[in-house]
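Visitor: I have some questions about this model. Could you put it up so that we can go through it?

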Amino acid sequence: MVETLSYAYGILRADADVPRDLAGIAGAALRLVTSGDLAALVSTVDAEEFGERGLRENLEDMRWLERTVRAHSRVVDAVAACAPVAPLALATVYFSDERLRTVLEERASAFEAVLELITGRTEWGVKAYADPSTAENGPADREAPYRPGQAYLGKLRQRREVRAQAESEALQQAEGMHHALSGLAHASLLHPPQNRELAGYRGLMVLNGAYLVDDSRADEFASAVDDLASKSSARIELTGPWPPYSFATLADSRPGRAP
Amino acid sequence: MTSGRDVEPRSVHDAREIALVDLLDRLLAGGVVLSGDVTISLAGVDLVRVSLRAVIMSIRESAADADSWSSR
């Protein structure tokens, strides 16, 4: 029975300059596990916490999840500032460095391809929020009511229609934004709208896009976001720069992942 | 409703805390997915990922909103 496991954060080129004295999950020291031209960023984690049973329980615990997500992200951020790094999904865990080295060897060409894709490019996030409820009070009552009940139902129907129309317009606008921003990006994808409570917003998240942008076009991209925001009734939020989480994917190794 | 850009670009060295939901979007749904030893040892059943999916589902919008999104 092993007592510790190797937690892998990301893959990078073996000759990359990596900042010294980085701490990983639970403050553990980071090391590089290399195989040929590739290296993985690794730290030692507790086997009980990150083993099968531990992970299954811990992943349902939001506080544990947040702590781990932030530690993972801190490591990847620090390294991404110095060298192209393909971040791994949360909780990629091996019994030993040796096992991980084997995976690096077996998937070398896929990793090379990902590193090629992300080198010189950065991920940006753009979210747009619409508030269709503001449209409800827009148009005044169309006509004087004959009967109170009928008037009430009519008003409800009208409100619903106005709201539905506002929603559909907001979504259409978001699609236009996504199209425009995708035109400036090397690659793009849509994340599902975020949970309202967890993300703390009101209204409708009509866009949660990720864009992999050439670093040489970063300013152009930011200006385009500015421009779209000034023309739109939706509230636009730009996040980033992000390590390229949304684009560091191996197409053939995501079994069972719904698109 | 006010229009305009609510822009807070964050640099890696920025001390401000990145929103957890934005991180979850990326660390749970993104990143290179490898079959780690822990998942392999589960006799072909990808329980860790199942568990991750459960978390993802719990942080996602309601099914209704997700539907309206995908039918865009």
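Visitor: What do the buried residues of helix 5 of chain A pack against?
Guide: This is a predicted model, in which local features need pLDDT of at least 70 and side-chain atom pairs count only at pLDDT 80 or more, while totals for chains, interfaces and linings use all residues. Residues are numbered from 1 along each chain as its sequence is written, chains are lettered from A and ligands numbered from 1 in the order in which they are written, and side-chain values use heavy atoms, with hydrogens and water left out. As for helix 5 of chain A, its buried residues pack against strand 1 (4–13), strand 3 (38–46), strand 4 (85–94), helix 4 (97–106) and strand 5 (121–130) of chain A. Helices (H or I, at least four residues) and strands (E, at least two) are DSSP runs numbered from the N terminus, and contact means heavy atoms within 4.5 Å.

Visitor: Which residues of helix 5 of chain A are the buried ones?
Guide: In helix 5 (residues 108–118) of chain A they are A:F111, A:V114, A:L115 and A:I118. These lie on the same side of helix 5 of chain A, because they cover an arc of only 100 degrees around the axis. The arc is that of the directions from the helix axis to the C-beta atoms. Buried means under 20% relative accessible area, exposed over 50%, and partly exposed in between (1.4 Å probe, protein chains only).

Visitor: And what is on the face turned away from the buried side of helix 5?
Guide: That face of helix 5 of chain A carries the exposed residues A:S109 and A:E116. Just after helix 5 of chain A comes A:G120, with a positive phi of about 80 degrees.

Visitor: Which residues other than glycine have a positive phi?
Guide: Among them are A:D21, at about 60 degrees, and A:A26, with phi near 60 degrees. A:D21 is in the loop between strand 1 and strand 2 (30–35) of chain A, and A:A26 lies in the loop between strand 1 and strand 2 of chain A too.

Visitor: Is A:D21 buried or exposed? And A:A26, buried or exposed?
Guide: A:D21 counts as exposed at 79% relative accessibility, and A:A26 counts as exposed at 82%.

Visitor: Different topic. At what angle do the axes of helix 7 and helix 9 of chain A cross?
Guide: Roughly 165 degrees, and the axes of helix 7 (residues 148–184) and helix 9 (residues 218–231) of chain A come within 10 Å. Axes are lines fitted to C-alpha atoms, for helices over the stretch in contact, and angles run from 0 to 180 degrees between N-to-C directions. Helix 7 and helix 9 of chain A are therefore roughly antiparallel to each other. Angles under 35 degrees count as roughly parallel, over 145 as roughly antiparallel, 65 to 115 as roughly perpendicular and the rest as oblique.

Visitor: Which residues make that contact between helix 7 and helix 9 of chain A?
Guide: Helix 7 of chain A contributes A:M177, A:A180, A:L181 and A:L184, and helix 9 of chain A contributes A:E220, A:F221, A:A224, A:V225 and A:L228.

Visitor: What about chain B, how many helices and strands?
Guide: Chain B has four helices and one strand, in the order β-α-α-α-α along the sequence. Of the 72 residues in chain B, 43% are buried.

Visitor: How do helix 3 of chain A and helix 1 of chain B pack?
Guide: Their axes are 10 Å apart, at an angle of about 75 degrees, helix 1 of chain B being residues 20–29. Helix 3 of chain A and helix 1 of chain B are therefore roughly perpendicular to each other. The contact is made by A:M62, A:L65, A:E66, A:V69, A:R70, A:H72 and A:S73 of helix 3 of chain A and B:L20, B:L23, B:L24 and B:L27 of helix 1 of chain B.

Visitor: Is A:S73 buried or exposed?
Guide: A:S73 counts as buried, at 5% relative accessibility. Leaving aside neighbours within four places in sequence, A:S73 is in contact with A:Y245, B:L23 and B:L27.

Visitor: Last one. What is the mean pLDDT of chain A?
Guide: The mean pLDDT of chain A is 88, with 91% of its residues at 70 or more; pLDDT is the predictor's confidence in each residue, from 0 to 100. Over residues 253–259 of chain A the pLDDT is below 50, and beyond near neighbours in sequence this stretch has 13 contacts in the model. Where pLDDT is low, the predicted coordinates should not be read in detail.
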